[in-house]
Amino acid sequence: MQPPRTPWQALTRPRFLRTAWPWRSAGYLASGVVTGAPALLVLLLLVVFSFVLVGLPLLLLAGIALGGIERRRLRLVDLDPAADPHRVPDAPGLAAWLRVRAREQATWRELAYAVLHATVLWPLDLIVLAVALGLPALLMAAPVQLALDGEEVRVAKGPLVTTYPAAFAAAALGVVLLLALLHPLAALAGARAALTRALLAPREAELRDRIGEVTASRARLVDAFEAERRRIERDLHDGAQQRLVALTMALGIARLDAPSGALADQLTQAHAEAGRVLTELRELIHGIHPQVLADYGLGAALADAADRSAVPVATDLDLPRLPAAVESAGYFVVCEALANIGKHSGATQARITARCENRTLRIEVYDNGGGGADPAAGSGLTGLADRIAVLDGTLTIISPTGGPTVLRVEIPCRPLPAPSASSSPRTASSSAKG
């Protein structure tokens, strides 16, 4: 059986009185009095200042500060962490922070809780503590009071006690009353904690905020990934490729100047090897982020990929310019699909169809091969499916044994504004590689 996480769960266990939960509950209510009384004084002061519009921003800040304290204090009686419901501002600085906080529902819930806590909740906590702990404490102190007085004592403003047997009976009654009242005290502490969580850390709102933050951070990661790809491409193109070109030219000149013999043969081999390395580097650069994709968009890049395919590919493309991350994901999925068609399918014909409709990019790659494609078997499409999922897209493969195979990609997107006529994207319609 799992240990209890709240006083309500602890109350259902037979060993409740032998655990720390009764005293955790009492500590929670007592700390509520400690925070509530100063909160009342601060709110009254800020309300006075709000008549000259100075206290209004400070009221919001007071609610935010008290909300943070209350979420930490909640750990006394609720072992599940209460996450901060506030969003992280998109920009640094106090002004951006204040704008975000003023627009959040969590800020106004915290202000409402601060008013409720300062005017209703902490006095209620005090009354419960006085009844559940104060009254039994007075009864249990009857023998001590009688010993100090020497003659008589009125216990808890009640009966007059003049003998030690009566005083010890009052003390025993206090012990019994304490053990009995600890149960409703814990129940009230659980109710207070539930109210605090509902106002300051609602689970549904917390989940929505977390999903929104994860979505935003995921989009930032995609943009950072694309920026890093382009940086690597630029460094290879402007650095390593230029040095290889210079090396190839130098080896070619040295080969021409060298006399016939072993040295000339070695220079010829080195020149040919440098040429092959340069060719591979150019192919690598093209694979990282082809220039046609950056300059003309996804439609032109897919047409170029179809032209370079080992299998004849018909294309039906009608695409505007799309966000860079969407174009890159769509392009590399199609390239991977064409590579698989050429290596594994045995197809003699393929077709690429791509449209952007209802703010969704839809790409379909068809081939007439033998089918039986299984992404889980390591076809290379699994990683691309994860990349598309980052953009909230889906990748579907229909490949029965015997074929044909159809790969479908859908990515939500919003077309970019139409470029000028001089830089309009290339599109291809119903063309085929013969």
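Predicted model: local features only at pLDDT ≥ 70, side-chain atom pairs only at ≥ 80, totals over all residues.
At what angle do the axes of helix 5 and helix 6 cross? They cross at roughly 50°.

Residues are numbered from 1 along each chain as its sequence is written, and side-chain values use heavy atoms, without hydrogens and water.

**View 1. Helix 5 meets helix 6.** Helices here are DSSP runs (H or I, at least four residues) and strands are E runs of at least two, numbered from the N terminus. Axes are lines fitted to C-alpha atoms, for helices over the stretch in contact, with angles from 0 to 180 degrees between N-to-C directions. The pair is therefore oblique. Oblique is what remains after roughly parallel (under 35 degrees), roughly antiparallel (over 145) and roughly perpendicular (65 to 115). Leu138, Leu139 and Met140 of helix 5 touch Ala142, Pro143 and Gln145 of helix 6. Contact means heavy atoms within 4.5 Å.

**View 2. The largest nonpolar core.** This core has 39 residues. A nonpolar core joins buried Ala, Val, Leu, Ile, Met, Phe, Trp, Tyr and Cys residues through side-chain atoms within 4.5 Å. Buried means under 20% relative accessible area, exposed over 50%, and partly exposed in between (1.4 Å probe, protein chains only). Leu298, Tyr331 and Ile411 are among the residues with the most contacts inside the core. Helix 12 gives the most, with 10 residues.

**View 3. Ile352 and its surroundings.** Ile352 is also among the residues with the most contacts inside the largest core. Its partners include Leu302, Val313, Leu317, Val334 and Leu338, not counting residues up to four places away in sequence.

**View 4. Helix 11 under cover.** Eight of its 10 residues are buried, so helix 11 is largely enclosed by the rest of the structure. Leu298, Gly299 and Ala306 are among the buried ones. The cover includes helix 10, strand 3, helix 12, strand 4 and strand 5.

**View 5. Asp78 in a loop.** The loop runs between helix 3 (55–73) and helix 4 (94–103). Asp78 is buried, with a relative accessible area of 5%. Its side chain makes a polar contact with the side chain of Arg197 (2.9 Å). A polar contact is a pair of N or O atoms within 3.5 Å; within protein, one must be able to donate a hydrogen and the other to accept it, and residues adjacent in sequence count only if both atoms are side-chain atoms.
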